[in-house]
Amino acid sequence: MNTERKLASIRKVSSIQPIEGADAIEIAVVDGWKVVTKKGEYKPDDLCIYCEIDSFLPIKEEFEFLRKSSYKKMGDQEGFRLKTIKLRGQVSQGLILPVSVVPIAQFATAHELPEGLDVTEMFGIVKYEPPIPAELAGKVKGLFPSFLRKTDEERVQNLAKEFGEWGFQSKHQFYVTEKLDGSSSTYYMKDGEFGVCSRNLELLETEGNTFWKVARELDLENKLRNYGINISLQGELIGEGIQGNPYKIKGQTVKFFNVFNIDTQERMTLGGFLKVMDDLDLDFVPFLDMNFMLPRTIDGMLQYAEGKSKLNFGAEREGVVVRSMDMTISFKAISNKFLLNEK
């Protein structure tokens, strides 16, 4: 699966829904996303530019209308951050723009823009990344190794067509785990070399770096070396100093959710994953359902994603990750309650 996220792309408006008690605004549905727009601005089957939440839009004239609500600095860079918001009681996620703002020199008209076209770079849009604490940043050894696979599951709202098909296919059995609010981490052993990675980078071992500190505390290098095969362990680093420590745990630890076989370039099935966790005596993310039936709608899936964390019943969980037992299907559903409270 391609893990590069299309933050802005050409999409089609699938339907328009009214907002009770609202005369000037309505909901435009794009795939599984719902966006509040001005009434009459779009109609079903219209092409549009859809910008996802987490997009960081540059300072440009066409985005200036966002200044009052969305202005943000990311390091030294100024721009506009798209977040989940509520308008007249309706959750709104992302931004819809008319296709007329696309430079269309290579197309005869805006109507010839191909649906699905990625326009993220065309508009200078990047993913918003919150400041990284020094203990997590560390010193860079290199980019994320090409022989590994990143762990960023697709959001269910981007899988409207597939979600409907999976629900009607009885051949797939699904399970659900809690999506933890931490920092993505990967630990690998390949041909005798042990490595530690954050989401996008491989890190050198330095004093005070949390990724390496936890690796040493869990004795991951020796455990992987003695296991005798080339694998990576992928998990969520949580605890003090990470995302405000919503789970109120002391120190830091990793809860694992994937084992990747480097030689075969495949994620292990659920049975294989659980065996490795047991063999290496490691903790994994909370399991919520081992025989999950997909809801009939994406709205139903998003409602299921809401709830309290298994690690701290006083905290809203970030969401859930749904996977098929054979690992051929996986996606995430992020809780809107969690997103509305995001800082």
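How many residues of the lining of the largest pocket are nonpolar, polar and charged? The lining divides into 18 nonpolar, nine polar and 16 charged residues. The model is predicted: local features need pLDDT of at least 70, side-chain atom pairs count only at pLDDT 80 or more, and totals for chains, interfaces and linings use all residues. Residues are numbered from 1 along each chain as its sequence is written, and side-chain values use heavy atoms, without hydrogens and water.

**View 1. Residues nearest the centre of the largest pocket.** Of the 43 lining residues, Pro-130, Asp-181, Gly-182, Gln-243 and Glu-342 lie nearest the centre. Nonpolar here means Ala, Val, Leu, Ile, Met, Phe, Trp, Tyr, Cys and Pro; charged means Asp, Glu, Lys and Arg; the others, Gly among them, are polar.

**View 2. The aromatic pair Phe-163 and Phe-331.** The ring centres are 5.9 Å apart and the planes stand at 80°, so the pair is edge-to-face (rings of Phe, Tyr and Trp, the last by its six-membered ring, pair with centres within 6.5 Å; planes under 30 degrees apart are stacked, over 60 edge-to-face, the rest tilted). Phe-163 and Phe-331 are both buried (under 20% relative accessible area; exposed is over 50%, partly exposed in between; 1.4 Å probe, protein chains only).

**View 3. The aromatic pair Phe-284 and Phe-287.** This edge-to-face pair has 5.4 Å between centres and 90° between planes. Phe-284 is partly exposed at 34% relative accessible area, and Phe-287 is partly exposed at 23%. Together with Tyr-175 and Phe-273, Phe-284 and Phe-287 form one aromatic cluster.

Terms used
On a 1 Å grid over the protein atoms alone, a cavity is a set of points where a 1.4 Å probe fits but cannot get out, and a pocket is an open set with protein on both sides within 12 Å along at least five of seven lines; lining residues have an atom within 4 Å of a point.
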